[in-house]
Amino acid sequence: MLVLAGTMGFLATAIPSIANSHSASDAYLTLTISSAVTGQYVIHGQWDIALRDLDFVLKLDDDGDGRVTWGEVRKHRAAIEDYAYRYIQAGGGEGERCSIKPQRQMIDDHADGAYAALFFDIACPHAPRKLSLEYTLFFKLDPSHRGIFVMNNGTDVATALLSPENSKIDLALSQ
């Protein structure tokens, strides 16, 4: 069973703001509970970050034509990962740190444009009772940025709207 602790907005509250093509800054973070792999507890993640937001901070549009191409994203892959992964941290509770391991990067299309899709694993030394997550992407640059969070654990699903006022969440994990 998966339980969210604390006060959180739900995904349904975010839908009106992301439906329009000139929407505010947003990103989509999805975690899927896996199992013990090679002695570690692994959670798979996909983090979709709007290319328009990444371009604003990283200047991805090398030729200045107003479009960010797959070639430009590939060229800046390391910079995108370096920037993004500074703004997410995970722990297994009780002060235990879990590591975030980038896996691959792709492009994903959403209704409001193209997104960099960052695939990663969260690896914990053993199965934690809870997962603590801190998300602060773009909050210093754009306080209206929101992270739309979904966690899948078998048939259980938890959602939250991450914001400067709600940047840390704790998720109880079933054993």
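**Close-up views of a predicted model**

**View 1. The disulfide between Cys 98 and Cys 124.** Both Cys 98 and Cys 124 are buried, where buried denotes under 20% relative accessible area, exposed over 50% and partly exposed in between (1.4 Å probe, protein chains only). This is a predicted model, in which local features need pLDDT of at least 70 and side-chain atom pairs count only at pLDDT 80 or more, while totals for chains, interfaces and linings use all residues. Residues are numbered from 1 along each chain as its sequence is written, and side-chain values use heavy atoms, with hydrogens and water left out. The S to S distance is 2.1 Å; a disulfide is a pair of cysteine sulfur atoms within 2.5 Å. The torsion about the S-S bond of Cys 98 and Cys 124 is about 105°, so the disulfide is right-handed. Cys 98 lies in strand E5 (residues 96-110) and Cys 124 in strand E6, so the pair ties together parts that are 26 residues apart in sequence. Helices (H or I, at least four residues) and strands (E, at least two) are DSSP runs, numbered from the N terminus.

**View 2. The largest nonpolar core, of 38 residues.** Such a core is a set of buried Ala, Val, Leu, Ile, Met, Phe, Trp, Tyr and Cys residues joined through side-chain atoms within 4.5 Å. Among the residues with the most contacts inside the core are Leu 29, Trp 47 and Phe 149. Strand E6 (residues 113-124) gives the most to this core, with 5 residues.

**View 3. The buried residues of helix H2 (residues 51-58).** These are Leu 51, Asp 53 and Leu 54. Lys 59, with a positive phi near 55°, follows H2.
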